[in-house]
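Could you look over the entry below before we discuss it? My comments are set out as numbered points.

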Protein chains: 2
Amino acid sequence: MKIKYTLLKNEKDTKARYGTLQTNYGTFETPMFMPVGTLANVKTLSPEELKEMHSAVVLSNTYHLWLRPGADVVEKAGGLHTFMHYDGPILTDSGGFQVFSLAKNKEKDIVEEGVHFKNHLDGSPLFLTPELSIEIQNKLDSDIAMSFDECIPYPASYEYAKKSTDRTLRWAKRGKDVHKNERQSLFGIVQGGEYTDLRHYSAKETVKMDFDGYSIGGTSVGEGKEVMYKMVEDGILYLPEDKPRYLMGVGDPLDIIEGVERGVDMFDCVLPTRIARHGNAFTRQGKINLRNLKFKEDFTPLEEGCDCYACKHYTKAYIRHLITSNETFGGRLLSIHNIRFLIKITEELREAIKTDTYLSYKTDFIEKYTKK
Amino acid sequence: MKIKYTLLKNEKDTKARYGTLQTNYGTFETPMFMPVGTLANVKTLSPEELKEMHSAVVLSNTYHLWLRPGADVVEKAGGLHTFMHYDGPILTDSGGFQVFSLAKNKEKDIVEEGVHFKNHLDGSPLFLTPELSIEIQNKLDSDIAMSFDECIPYPASYEYAKKSTDRTLRWAKRGKDVHKNERQSLFGIVQGGEYTDLRHYSAKETVKMDFDGYSIGGTSVGEGKEVMYKMVEDGILYLPEDKPRYLMGVGDPLDIIEGVERGVDMFDCVLPTRIARHGNAFTRQGKINLRNLKFKEDFTPLEEGCDCYACKHYTKAYIRHLITSNETFGGRLLSIHNIRFLIKITEELREAIKTDTYLSYKTDFIEKYTKK
C-alpha cells in the first residue's frame, strides 16, 4: 500500500501543520522525527527500544546497504523489515547525498546516465544511476523510497544549479518509470540550490510527476541557518497540501522547530546518535557533554521529568562514568535520551499546532535552549 | 543479610551438587554462571536484558571501580545497585587478580602490608592492601565481597607457593577483621598454586576463619586444563558442604561442566562478552565466528531452539552484517546469546544433578561441542 497523508489542521500563525501518515505498518502523526539506522540498525539500539521511545518511521541508507551486506542479501532475507526485525515503517534514501558527502570531488564524475565515484570503504569504482537506486530500494523493500538526485554544493553558480536541477528532474522521471514495488511509496526531491526561482521551478516540475510525497534536498551542506530556512520556504511553496513534506538530514532541535513552522512534516538526522557517541546529551537548556567533570557526582538524571529509559533509571554520574570509561552502554543510554528528546519535541510541536500556540511554544523553547 | 547456601541434592555419580543461594535480592539456584560487569555494566547490556536471560548474580571489579569512577562516587550514589540500576545480587572481586594480570612483574612489589603496583591507565603508583580492598568493597556495597589474595603464577616453586599461600591466609584474616558491612557476605579464597598439599592446607586454614563462602583462586593463569581441574579438586576437598564454592574467572562451557562435576557452585567469566565483541558465538556445536563468509546468506538463528532475544528475532546473516560493519548492536546480540548460552548450560546441569544423569549429559554435550 502507498502511504497516505491526511492534513488535519493548519496552525493559525504559521505554516505549521498537523496531520497523519498512513503506512503499511500503522498510522502515525506528523510532524515527526525519524531516527537513522544507516546500516539497518539505529546504532546501539533495538527495535523494541525505538518503539518504547514512540519512534515511528526509521530511515536506512541505500548506499551503505548496497555495499554492505548488498541489496540481494537483504532481498533474500525477506526485505529490510525482516532483516533488521523492525515491524514499523522504513524510509530509504536514494544514495544521492552519500555520493555528495562521501566521494571527494575529484573522485566523482556526474554524467547524464548517473554518477561514477569511489567506494568509500575500499576505493573501488562504483556507478550509481537513478534506475539502480530505485532497483536497490525495491529490493530493500522499504515503505518509502527516494528518487536519486544530485545534492548541489553550496555555494554553486546559478548556471550549475540550473543544469543540475534539470538533471535531477530527468533522473526523477527515470526513477519513477522503473519503480516497481507496489507497496513502496516514492518521493520526489526538490533541489534548486540557493536560488529561489530554481527551488520554485524544481518543486513545480517534480510535483507534475505526481510522487507520493516530496523531499527538500540540498540543505545542510554548509549554507548556514538563514539560507537553509529560505531554501525550505522556497522549496515548499509549490508543494501540494495533500502530500507529506520531508526535510532531509535535518535534526537539530532548533532546525526542526523552524522547519515545522514552514510546513515540514518529516525530519531525519544522525545527530542524536552521533552526538551520543561523543558523550553529548540534548537537554531543554541546550546540549551538555557528559565528559565534563562537573557531572562526576551529579546523581540527577540527564533531564528531570524526561520519560526515557535513561532518565528513568540512571544518573549523569553513571553515564559520565560509562562514557569516560569507553563503555558502549553509555552511548546507548545517550542515544535513547537524544532520540526521545527529538521525538518529544515533535509531540509538543503537534500539540502547539493543535492549540494554535506555535509561536509562543517556539519562543519559550528557544529562550531556555539558548540561555547559557 | 548474609547469603545462605542450602544444599538440596548431591548427584549420584559425581561431586556435582544442586542447591540454592539466598541473597539480599532473592533466592537463586546453583550451580550458576555470573556475567561480568567490569565497570558497573555488563558490556553493552541493560540490567533488564540480564534478567530476561535469567541471570542472577552479576560480578563487578573492585580494582576497576576503585580507579573509575572511584569507590566514593559509587558510595555517594547509594552503592553499586543504585549506581548501575541492578536490583539483583552483586559480587565484587578483591582486586587481587587484576594486580596479577594487569601489572607487569617488574612494576609490582608484594610486601607483607600489601601490593605496590602501577595504575594500568596512567602508570601512577598504587598501593592495595587487604584492608583497603575490603574498605572499597564495603563502599561499593556489593552483596558478596572477596578477600584480598595473591594469585600465584604458574609454574611457581613450592617455596614461593608456600610463602604466598601463608601470606594470603594472613591477608584473609586482616580483611575479615576490618569487614564492616553487615549486609555484605565475605568469601575466603583458597590458593596454594599447583601443589595438592598447599591447596588442602589453604582450604583448611581458610575454613577455620569461617567465611560466608569459599572461592578457588589462582586458576586460569596458563596452567592447562588438567592442572586446573586438579587444582579445583584439591581446593574443594576440605570445604564445608554448607557454604557455596566459587571458581573464579572460569567460563568456558567445558570448564563449567568439569567444575560442577567437582562440586563448584558459582562461576564468572568475561568470555561470553569478550568473544562477542570479536564476533564469536557459542553454539552446541562449538564456537562459531560470524565474520565467516559462509554466514553471509545464512538466514537461520545463531542456534535453533535457543530462547534468547538474539535467536528469537535475528539471523546469522544479519548479525554477521553488523559485526563486519562494526555496528555495536552486533556485539550486543552476541553477548545476549553467549551469556544466555552459559546460563542455559547451568540450568541443564542442575537438571542433570536432580535426575542423577550428570555423566551422560556431559558425554552428550562434549560429543556435540567438540565434533568438527
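Predicted model: local features only at pLDDT ≥ 70, side-chain atom pairs only at ≥ 80, totals over all residues.

1. Residues are numbered from 1 along each chain as its sequence is written, and chains are lettered from A and ligands numbered from 1 in the order in which they are written.

2. Helix α13 of chain A, residues 316-324, is mostly covered, with eight of its nine residues buried (20 or more other C-beta atoms within 10 Å of the residue's own, C-beta atoms being placed from the backbone). Helices here are DSSP runs of H or I with at least four residues, strands are runs of E with at least two, and both are numbered from the N terminus.

3. The cover over the buried residues of α13(A) includes α14 (328-354) of chain A, and also α3 (71-77) and α4 (80-84) of chain B. After α13(A) comes A:Asn326, which has a positive phi, near 60 degrees.

4. In chain B, strand β12 (residues 213-216) is covered on both faces, B:Gly213 and B:Ser215 being buried on one side and B:Tyr214 and B:Ile216 on the other. In a regular strand, side chains alternate between the two faces of the sheet.

5. Strand β11 (residues 185-190) of chain B runs parallel to β12(B) and is joined to it by four bridges, with B:Phe187 partnered by B:Gly213. Strands count as paired if DSSP finds at least two bridges between them.

6. β12(B) also pairs in the parallel sense with strand β13 (residues 245-247) of chain B, over three bridges, and B:Tyr214 has B:Arg245 as its bridge partner.

Technical notes: Buried ≥ 20, exposed ≤ 12 C-beta atoms within 10 Å, placed from the backbone. Contact = placed C-beta atoms within 7 Å.
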